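Me: I would like to learn how to read a few features of a structure. Can we go through one together?

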Amino acid sequence: MPLPAGNILIVEDDVATREMLANLLSTEGFHAVSAEDGLEALHLLRTVRHRAPDTPCLVLLDLKMPRLSGNEFRRAQLGDPTVASVPVAVMSGAMDLEQRAQDLGAVATVAKPIDCDVLMNVVRKYCA
């Protein structure tokens, strides 16, 4: 039985999008952990990190969220040495997506509405 290809943290406030992503990733053999905003995501990332080697191989990050936005999450993540190295792919419908992702030091972008093939290419690149 092959081992799952890795944990992926989905940070997305839209329930339908979050569930679609989680289902897609699990169908493809990945283990998806979901958070509805940056605050929950930060907590999950730190908690999971302490139970290494289960550190997520990738964070799929929405930018516009309540409580803690994608930008705020990323700032907090980069400020925490235990989780700073986990790569982030930004998911957004923003027109300036590439620039925003670059500003955040993200490794990839996934434009919304999400193209599943594009998403899986990004995931496989970082979670092979």
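**Contacts, burial and helix packing**

Reply: Start with contacts, meaning heavy atoms within 4.5 Å. Leaving aside neighbours within four places in sequence, Ser-92 is in contact with Leu-63, Leu-97, Val-110, Ala-111 and Lys-112. This is a predicted model: local features need pLDDT of at least 70, side-chain atom pairs count only at pLDDT 80 or more, and totals for chains, interfaces and linings use all residues. Residues are numbered from 1 along each chain as its sequence is written, and side-chain values use heavy atoms, with hydrogens and water left out.

Me: Is Ser-92 buried or exposed?

Reply: Buried means under 20% relative accessible area, exposed over 50%, partly exposed in between (1.4 Å probe, protein chains only). Ser-92 has 8%, so Ser-92 is buried.

Me: Which residues of α1 are buried?

Reply: Thr-17, Arg-18, Leu-21, Ala-22, Leu-24 and Leu-25. They cover an arc of only 165° around the axis, so they sit on the same side of α1. The arc is taken from the directions from the helix axis to the C-beta atoms. On the other side, Ala-16, Asn-23 and Thr-27 are exposed.

Me: How are two packed helices described?

Reply: By the angle between their axes and the distance between the axes. Here α1 and α5 pack at about 60°, with axes 11 Å apart. That angle makes α1 oblique to α5. Under 35 degrees is roughly parallel, over 145 roughly antiparallel, 65 to 115 roughly perpendicular, and the rest oblique.

Me: Which residues make that contact?

Reply: Met-20, Leu-21, Leu-24 and Leu-25 of α1, with Cys-116, Leu-119, Met-120 and Val-123 of α5.

Terms used. Helices (H or I, at least four residues) and strands (E, at least two) are DSSP runs, numbered from the N terminus. Axes are lines fitted to C-alpha atoms, for helices over the stretch in contact, and angles run from 0 to 180 degrees between N-to-C directions.
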